[in-house]
Amino acid sequence: MPKYLLIMRGTDESNAAMMADIDAMMVRTRQFIEEMVKAGVLLAAEGLDDPGQGVVVDFSGEAPVVTDGPYGETKELFGGFFLLDVASKQEAVEWARRVPAAPGAKVEVRRVPGSDEVPQ
């Protein structure tokens with residue numbers, strides 16, 4: 001079966017809304033994870049630390065440039081993911097529609113190519 005990555009993307013506003021009621025959001029997220037486990041589709045799920053704790057390595061110039069977070073010019077940030085093993089893109093989209101998310105957040109659905117699809 002194909003694998004799909006549900007990529008959690010948020011803005012400063014959607015992240016603030018999530019943090020305002022983080023306890024309830026965590027309860028809904030744990031329930032969602034339990035549903036995916038029971039359905040046998042969840043391969044992995046992780047959230048990411050605050051963007052202020054990260055760095056970006058930019059390869060635009062001659063030498064890589066490292067910039068510490070936070071990133072004021074960024075409109076959306078990758079906040080975490082769910083990796084699913086499902087039968088189709090449509091099934092992945094159906095799971096994505098059920099993700100507990102704050103208003104303004106987005107979930108990007110991307111297929112993970114199998115090793116036989118990667119150029120050798």
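The chain carries 12 positive and 20 negative side chains, and the centres of the two sets are 8 Å apart. In this count Lys and Arg are positive and Asp and Glu negative, with His and the chain ends left out; each charge is placed at NZ of Lys, CZ of Arg, CG of Asp or CD of Glu. The model is predicted, with pLDDT of at least 70 required for local features and 80 or more for side-chain atom pairs, whereas totals for chains, interfaces and linings use all residues. Residues are numbered from 1 along each chain as its sequence is written, and side-chain values use heavy atoms, without hydrogens and water.

The C-alpha trace spans about 45 × 45 × 20 Å along its principal axes.

The chain contains three helices and six strands, taken as DSSP runs numbered from the N terminus (helices: H or I, at least four residues; strands: E, at least two). Their order from the N terminus is β-α-α-β-β-β-β-α-β. Strands are treated as paired if DSSP finds at least two bridges between them. Four strands make up an open antiparallel sheet in the order β2-β5-β1-β6. Strands β2 (42-47) and β6 (106-112) each have a single partner and stand at the edges, so one side of each has no neighbour in the sheet. From one strand to the next, the twist averages 20 degrees.

Within this sheet, β1 (residues 3-10) and β5 (residues 77-85) run antiparallel and are joined by eight bridges; R9 stands opposite F78 in β5. Helix α3 (residues 89-97) lies across β1, β5 and β6 and runs at about 35 degrees to β1. Axes are lines fitted to C-alpha atoms, for helices over the stretch in contact, and angles between N-to-C directions run from 0 to 180 degrees.

Residue Y4 belongs to strand β1 and counts as buried because its relative accessibility is 8%. Although Y4 and L84 are 80 residues apart along the chain, their C-alpha atoms are separated by 5.2 Å. Beyond neighbours within four places in sequence, the contacts of Y4 include L84, A92 and V109. S14, located in helix α1 (residues 12-20), is likewise counted as buried, at 2% relative accessibility. With neighbours within four places in sequence set aside, S14 is in contact with A102, P103, G104 and A105.

E46 and E62 are 16 residues apart in sequence, and their C-alpha atoms are 33 Å apart in space. A further antiparallel pairing links β3 (residues 55-58) to β4 (residues 65-68) through four bridges. These two strands form a hairpin with six residues between them, and V55 stands opposite D68 in β4.

Key: Contact means heavy atoms within 4.5 Å. Buried means under 20% relative accessible area, exposed over 50%, partly exposed in between (1.4 Å probe, protein chains only).
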